[in-house]
Amino acid sequence: MIALYIVLGLLGALLLFYILPTLIISNVIYTVLFVRTSKDKWSRTVSWDDEEQKEMFRQGEEWGNKYEKNRKRVEINSQKFHLIGEYFDFGSDKVVIVIPGRMESGTYSYYFSEPYRKAGYNVLAIDNRSHGLSEGRYNTIGLKEYKDILAWIKFAHDELGNSSVIIHGLCIGSATGLYAITDKSCPSYVKALIADGMYVNFHESLKQHLIERKKPIFPFVSEIMGMMRIVAGKSAKKWGPINVIKKMNKPMLFIYSKEDFYSLPELGEKLYETCPVKEKRIEFFPHGQHSHVRINNTEGYDSKISSFLVDFVK
């Protein structure tokens, strides 16, 4: 009996002095990264204090203002959330849906829209749930949001009159797009996915974030991903792009920067090799932090998208 008390005491001490404090820290990190605690968080403003990010946002706003006459606000309901987007009608019957990453709204997506306008596409820039003007509190890194994308796809076809749809995703947005395009309910008029900075799974990406900041990986990554699983209903480690991409059956363009520390280019190569379709292409650019490839080589970035569309998307 004494031995049992000792064991219970040691377990209690472990819980009190080690496990509980790490869980508290992990919960704080989870809330900062994935919970919209106010309307000002993840709004339609520049997301962080970085000069390249500010310039991308400025150029995106400039693009939106230039084509103001082509823009109209659009709205849908998906999974009990009221979602908002901006639709730029350039008189085409095909559209690109631009899916931004975490912290970003559809306004940021304007920056990536020009190569598609030039290629003859309308543009649908969306506020993901819990971002911009859309409803929602939790970001589930695409594990639930992909159903919103399927709803936007249907809206773009049925209500906006587009006969074909392609997807351009950024970081988490690229993973979200992949989950949507490989879902069994995805319609045949969705023609392709362009993925900028796609990770193999978010567990790996979060680990890289902590390494960059010289923070301990264990036990925080596992604890944060455990909290994500409770909210999302899926494991972000076992249900990531590397698992889902095996079901891909549409043309796909992978875009990476060799300087990307969050979505490592060598893991991007692994995704490309795992993708079973023949109509695929991978492009590596020498410069640019995560999601900042285009700002470092705008002409090259746009030309790779243009040639992919010409070669693979009919």
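A charge sits over a ring if CZ of Arg is within 6 Å of the ring centre and within 35 degrees of the ring normal. The model shown in these views is predicted.

**View 1. Arg 137 sits over the ring of Tyr 138.** The charged end of Arg 137 is 5.7 Å from the centre of the Tyr 138 ring.

**View 2. Arg 294 lies over the face of Tyr 111.** Here the distance to the ring centre is 4.6 Å.

**View 3. Trp 152 and Phe 155 make an aromatic pair.** A pair of aromatic rings is described by the distance of the centres and the angle of the planes. The count for this model is 21 aromatic pairs. Trp 152 and Phe 155 form one that is edge-to-face, with 5.9 Å centre to centre and 85 degrees between the planes. Both residues belong to helix 5, residues 146-158. Three residues separate their positions, about one turn of the helix. Trp 152 and Phe 155 are both buried.

**View 4. Tyr 199 and Phe 202 also pair edge-to-face.** Their ring centres are 5.6 Å apart, and the planes make an angle of 75 degrees. Tyr 199 is buried, as is Phe 202.

**View 5. Five residues form one aromatic cluster.** The members are Trp 63, Tyr 67, Phe 88, Phe 90 and Tyr 110.

View 6. A disulfide is a covalent bond between the sulfur atoms of two cysteines. Cys 186 is buried, with a relative accessible area of 13%. Cys 275 is buried too, at 2%.

Terms used:
Residues are numbered from 1 along each chain as its sequence is written. This is a predicted model: local features need pLDDT of at least 70, side-chain atom pairs count only at pLDDT 80 or more; totals for chains, interfaces and linings use all residues. Side-chain values use heavy atoms; hydrogens and water are left out. Rings of Phe, Tyr and Trp (its six-membered ring) pair if their centres lie within 6.5 Å; planes under 30 degrees apart count as stacked, over 60 as edge-to-face and the rest as tilted. Helices (H or I, at least four residues) and strands (E, at least two) are DSSP runs, numbered from the N terminus. Buried means under 20% relative accessible area, exposed over 50%, partly exposed in between (1.4 Å probe, protein chains only).
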